Every structure is written in C-alpha cells, then in structure tokens.
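Subject: A structure to look at

Hello,

Here is the structure I promised to pass on. Please open it first, and then read my notes below.

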Amino acid sequence: MLTVFVATFVLFLLIIGGMSLGYVFKRKSLQGSCGGITALGMEKVCDCPEPCDARKKRLAKEALRREQLEKHRIL
C-alpha cells in the first residue's frame with residue numbers, strides 16, 4: 001500500500017515539474033483545452049442584465065487606457 005502511495009506521489013511531482021518547466025521556458029500559462037465560456041459565445045459568467053461594479057470599473061479602466069494609447073499614437 002505504501003509503494004502505491006509513493007509511486008503516485010512521485011508521478012504527481014513529475015507532472016507538476018513538467019508543467020512548471022513549460023511555464024519557465026515558454027512563459028505561457030496553463031490553459032484549458034476547450035476555451036471556456038468564450039467558446040460558447042458568452043462574454044461573462046453570470047446572466048445579470050447589467051454588469052457588477054467591479055466589471056464596470058474594469059471596463060472603464062480599459063476604455064481609459066485605450067483612449068490614452070490612441071492619444072499617444074496621434075501625437
């Protein structure tokens with residue numbers, strides 16, 4: 001019984017080590033294979049008719065950042 005536990009533990013360590021090496025050398029984070037909810041055409045997780053305050057703030061920051069980038073490109 002102990003040998004099965006040790007073998008399983010070593011296998012998991014090897015898998016985690018392989019994933020971490022992939023991240024270190026390629027600087028690419030782990031991703032799901034199916035694309036998540038965006039593959040279903042959904043933009044957000046909940047079905048709320050209006051975005052929450054945190055999402056509104058994030059969208060406002062993104063819009064401001066895009067605006068600043070466009071302003072710097074024109075000048």
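Predicted model: local features only at pLDDT ≥ 70, side-chain atom pairs only at ≥ 80, totals over all residues.

Residues are numbered from 1 along each chain as its sequence is written, and side-chain values use heavy atoms, with hydrogens and water left out.

The overall picture: the chain has two helices and zero strands. Both are DSSP runs numbered from the N terminus, with helices (H or I) of at least four residues and strands (E) of at least two. Of the 75 residues in the chain, 1% are buried; buried means under 20% relative accessible area, exposed over 50%, and partly exposed in between (1.4 Å probe, protein chains only).

Now to helix α1. Its 25 residues, 2–26, reach 36 Å from the first C-alpha to the last, close to the expected 36 Å, where the expected span is 1.5 Å times one less than the number of residues. An unreviewed UniProt entry annotates residues 6–25 as "transmembrane region"; such annotations may be inferred rather than shown by experiment. That span is 100% helix, with its end C-alpha atoms 28 Å apart.

The structure holds one aromatic pair. The ring centres of F5 and F9 are 6.4 Å apart and the planes are at 20 degrees, so the pair is stacked (rings of Phe, Tyr and Trp, the last by its six-membered ring, pair with centres within 6.5 Å; planes under 30 degrees apart are stacked, over 60 edge-to-face, the rest tilted). Both residues lie in helix α1, four residues apart, about one turn. F5 is exposed, at 56% relative accessible area, whereas F9 is partly exposed at 49%.

Finally, there is one salt bridge (a side-chain nitrogen of Lys or Arg within 4 Å of a carboxyl oxygen of Asp or Glu). R66 and E62 form it, at 3.7 Å from N to O, and both sit in helix α2 (residues 53–74), four residues apart. R66 is exposed at 53%, while E62 is partly exposed at 33%.

Best wishes
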